[in-house]
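Subject: Structure handover and notes

Hello,

Here is the structure you were expecting.

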Amino acid sequence: MPAPDPSSLPLTLLQEVFGYSAFRGEQAAIVEHVCAGGDALVLMPTGGGKSLCYQVPAIARHRRGQGVAIVVSPLIALMHDQVGALEEAGVHAAFLNSSLSSEEAQQVERELMSGRLTLLYAAPERITTPRFLAQLTHLHEKGLLSLFAIDEAHCVSQWGHDFRSEYLALSTLHERFPEVPRIALTATADDVTRADIIERLALQDARIFVSSFDRPNIRYAIVEKEKPREQLLRFIQDEHEDEAGIVYCQSRKKVEETATWLESEGIRALPYHAGLDAELRMRHQDRFLREEGLVMVATIAFGMGIDKPDVRFVAHLDLPKNIEAYYQETGRAGRDGLPAEAWMAYGLADVVNQRRMIDESPAGEEFKKIQRGKLDALLALAEATDCRRVRLLAYFDETYRGADGRPLQHCGHCDNCLNPPATWDGTEAARKLLSCIYRFHQNGGQRFGAGHLIDVLRGKMSDKVAQYGHQHLSTWGIGADLSEAQWRGVLRQLVALGHVFAEGEYSTLALAESARSVLRGEVSIRLRVATQAPKRGKVSRSG
Ligand code: ADP
Ligand code: ZN
C-alpha cells in the first residue's frame with residue numbers, strides 16, 4: 001500500500017483545517033481508529049470535542065478518495081452551525097433536513113452524487129427513506145461512502161431520556177453497508193444506555209472510547225427546598241448577577257410564573273417551553289444566545305444542541321428524572337471552561353412527584369423498574385453528605401482521580417466538600433415516624449399524608465386529629481422535640497431511601513417492606529441536618 005498523502009494525516013488536518021495545535025484526551029486515538037476504518041462508540045461529555053472525532057476522519061478519508069461521510073444528527077440548528085463552520089474552514093459540507101426547499105434539497109443531492117462532498121449531515125428520518133438509501137447504495141457501489149457518524153446515539157435507547165424512534169431504523173445502515181465504518185457518539189454513558197446503543201446499532205465489534213465525564217469547572221450544589229423562588233433569587237443575586245443562566249422547571253405553568261416573577265425582581269428572564277408558539281420560542285432562544293446576562297427559564301424542551309459557551313449557571317427548581325438528565329442539563333453550564341455552577345433546590349414533593357410519574361406512566365413493568373432504579377440513584381445523590389462529584393462520576397462508572405492518578409474521595413469544589421454538612425443520628429426519629437404510620441395502619445387501615453403525620457408526631461391538635469381520635473395513639477406527641485421542617489426532612493429522606501411510599505392523589509403514606517429493618521433497629525440512619533439539629537440529637541461533622 002502506498003504511504004498516505006501527508007496532507008491527509010490527522011494531526012496535519014487538525015492544525016491546518018481547524019487551527020488547533022493538538023488533539024484533546026481520547027480524540028487522537030479515536031480519530032486514528034476511525035481513519036483506519038474501525039467502528040467506534042464514543043462516550044464523551046458535552047463540550048468534550050466529539051465533532052472532531054468524525055470530522056477529521058471524514059476529511060482524511062475524503063482526501064484519500066474514499067468519498068463522503070454521512071453524519072446523522074437530530075438537531076437542525078447544530079447542522080447549520082457545523083456546516084457553516086466547515087465551509088468556512090474550506091471543507092465542502094452540506095445538510096439535508098426539513099428546513100430546505102425541495103430545490104435546495106435536490107441541489108444537495110446532486111452534490112452528494114457527484115462525490116465532491118466531504119460531509120453530509122442528515123436527519124435520521126431522511127436517511128432511512130428508500131430514496132436516500134438508493135442514493136447511498138449507488139455511492140457505495142462506486143466506493144464513495146467513507147463513513148457513517150451517528151451523533152446523539154443515545155436517542156436509539158428507549159431507556160434514555162431522549163428516545164427517537166427514527167434512530168431504530170439506523171440499524172439498516174450496518175445491514176446494507178457492512179464494510180463502511182461507523183462511529184456513534186453520545187454524552188450519555190450509563191451502563192443501561194450504553195448496552196442498548198451497542199445492541200440496537202449492532203456495534204458489538206466497535207471499540208469503545210470512554211472519556212472522563214468530569215466537568216472540573218462546574219461546582220455542584222443541592223439545597224433543601226424551603227422557599228424555592230426566594231432561594232433561587234438569592235442564588236442569582238449573590239453569585240450570578242447579570243450572568244447568563246438556565247433555570248429548569250418541570251411544568252410550563254411554573255416556567256411562566258418563575259420567569260415573570262424573576263422579571264419583577266429585576267432579573268432579565270425569558271420563558272421557554274413547548275407550549276409557546278414556535279416563533280416566540282425561536283426569538284427567546286436567539287436572544288438568549290446573542291444577548292449577555294439573560295436567564296432562560298425553561299422546561300427540558302430547551303437545551304439540546306444549544307451551544308452557548310458562557311452559561312454561568314444551571315438551576316433546577318424541580319428534580320430531573322435521573323442522573324443522566326441532571327448531568328446533561330447541568331452540563332450546559334461552563335462550556336467555555338470558566339467557573340460555572342449547577343444548583344438545585346430539592347424537597348419532599350419532588351421525590352413524591354417523580355415516583356408518582358413513574359408509577360402512573362403507561363409503560364410496562366420492566367421499564368418502570370429501570371426508571372425507579374435510576375431515580376433512586378439521583379435521590380441518593382441529592383441526599384448525599386459526601387462529595388457530589390465523586391458520586392456523580394461513580395454513577396458513570398468512573399473513579400474520580402487527582403492529577404497523579406490516585407483515586408480521591410473529595411473534589412474540594414462541591415457544596416458538600418466546601419461545607420461538609422452536619423449529620424445526626426436519625427435512627428430514633430426515623431423509627432418514631434415509621435411507627436406512627438404503622439399505628440395509623442393498625443387503627444383502621446386508613447392512610448394519611450405528610451401534614452397529618454407530622455401533626456400527630458408533634459402532638460398538634462387539629463380537626464383531623466380530633467376527627468380520627470389520633471390523640472389517643474401511642475405515637476401522639478412522641479416527636480415534639482423536632483420542628484415541622486425537621487420532620488419533613490426526616491420523611492423526605494425516608495421516602496428517598498425507599499422505606500416509605502407516598503401514593504395516590506393525596507400522597508398518602510405507607511410503609512415499604514424495608515421499613516421493618518429500621519423499626520427493628522437493624523439499620524441506622526444518618527440524616528443531614530436540615531435547618532438545625534434536634535436539641536437532643538447528636539451532631540457530628542462528616543467528611
Ligand atoms: P461536543 O460535541 O462533545 O459537545 P464539540 O465538538 O462541540 O463538543 O467541541 C466543544 C468545543 O471544543 C468546540 O468549541 C471545539 O471547537 C473545541 N475543541 C474540540 N476539540 C478541540 C481541540 N483538540 N483543541 C481545541 N479545541 C477543541
Ligand atoms: Zn466534592
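The notes below go from the overall fold to single residues.

Please keep in mind that this is a predicted model.

Overall

The protein has 23 helices and 18 strands. Its C-alpha trace spans about 90 × 50 × 45 Å along the principal axes. A compact globule of 543 residues would have a radius of gyration near 24 Å, and the 27 Å of this protein agrees with that. Of the 543 residues, 43% are buried. Among contacts with a separation of 6 or more, 74% join residues 24 or more positions apart.

Strand E11 and its neighbours

Strand E11 covers residues 295–298. E11 pairs with E9 in the parallel sense, over four bridges. It also pairs with strand E10 (residues 269–272), again in the parallel sense and over four bridges. Alanine 298 in E11 has tyrosine 248 opposite it, and tyrosine 272 stands opposite alanine 298 as well. Between E10 and E11 the chain passes through helix H13 (residues 278–290), and this β-α-β crossover is right-handed.

Side chains in a regular strand alternate between the two faces of the sheet. In E11, Val295 and Val297 point one way, Met296 and Ala298 point the other way, and all are buried.

Nonpolar cores

Which residues have the most contacts inside the largest nonpolar core? They are Met296, Val297 and Leu433, in a core of 88 residues. Helix H19 (residues 427–442) supplies the largest share of this core, with seven residues. Leaving out residues up to four places away in sequence, methionine 296 touches Ile246, Leu270, Tyr272, Phe288 and Phe302. Another core, of 61 residues, lies apart from the largest one. Its members include Tyr54, Ala60, Leu145 and Leu173. Nonpolar side chains tend to be buried together in soluble globular proteins.

Helix H20

Helix H20 (residues 450–458) is largely enclosed by the rest of the structure, because seven of its nine residues are buried. The buried residues are Ala450, His452, Leu453, Ile454, Asp455, Val456 and Leu457. Their cover includes helices H15 (348–360), H19, H21 (463–468) and H22 (484–496), together with strand E16 (508–511). Just after H20, glycine 459 has a positive phi of about 70 degrees.

- Glutamate 152 has a phi near 50 degrees, which is positive. It sits in the loop between strand E5 (145–150) and helix H8 (165–168).
- Aspartate 242 has a positive phi of about 60 degrees. It sits in the loop between helix H11 (228–239) and strand E9 (245–248).

Are these two residues buried or exposed? Glutamate 152 has 24 other C-beta atoms within 10 Å, so it is buried. Aspartate 242 has 12 C-beta neighbours inside 10 Å and therefore counts as exposed.

Regards

Methods:
Residues are numbered from 1 along each chain as its sequence is written. Chains are lettered from A and ligands numbered from 1 in the order in which they are written. This is a predicted model: local features need pLDDT of at least 70, side-chain atom pairs count only at pLDDT 80 or more; totals for chains, interfaces and linings use all residues. Helices (H or I, at least four residues) and strands (E, at least two) are DSSP runs, numbered from the N terminus. A residue is buried if 20 or more other C-beta atoms lie within 10 Å of its own, exposed if 12 or fewer, and partly exposed in between; C-beta atoms are placed from the backbone. Two strands pair if DSSP finds at least two bridges between them. A crossover is right-handed if, with the strands pointing away from the viewer, the path from the first strand over the helix to the second runs clockwise. A nonpolar core is a set of buried Ala, Val, Leu, Ile, Met, Phe, Trp, Tyr and Cys residues joined through C-beta atoms within 7 Å. Two residues are in contact if their C-beta atoms, placed from the backbone, lie within 7 Å. The radius of gyration is taken over C-alpha atoms; the globule rule is 2.2 Å times the number of residues to the power 0.38.
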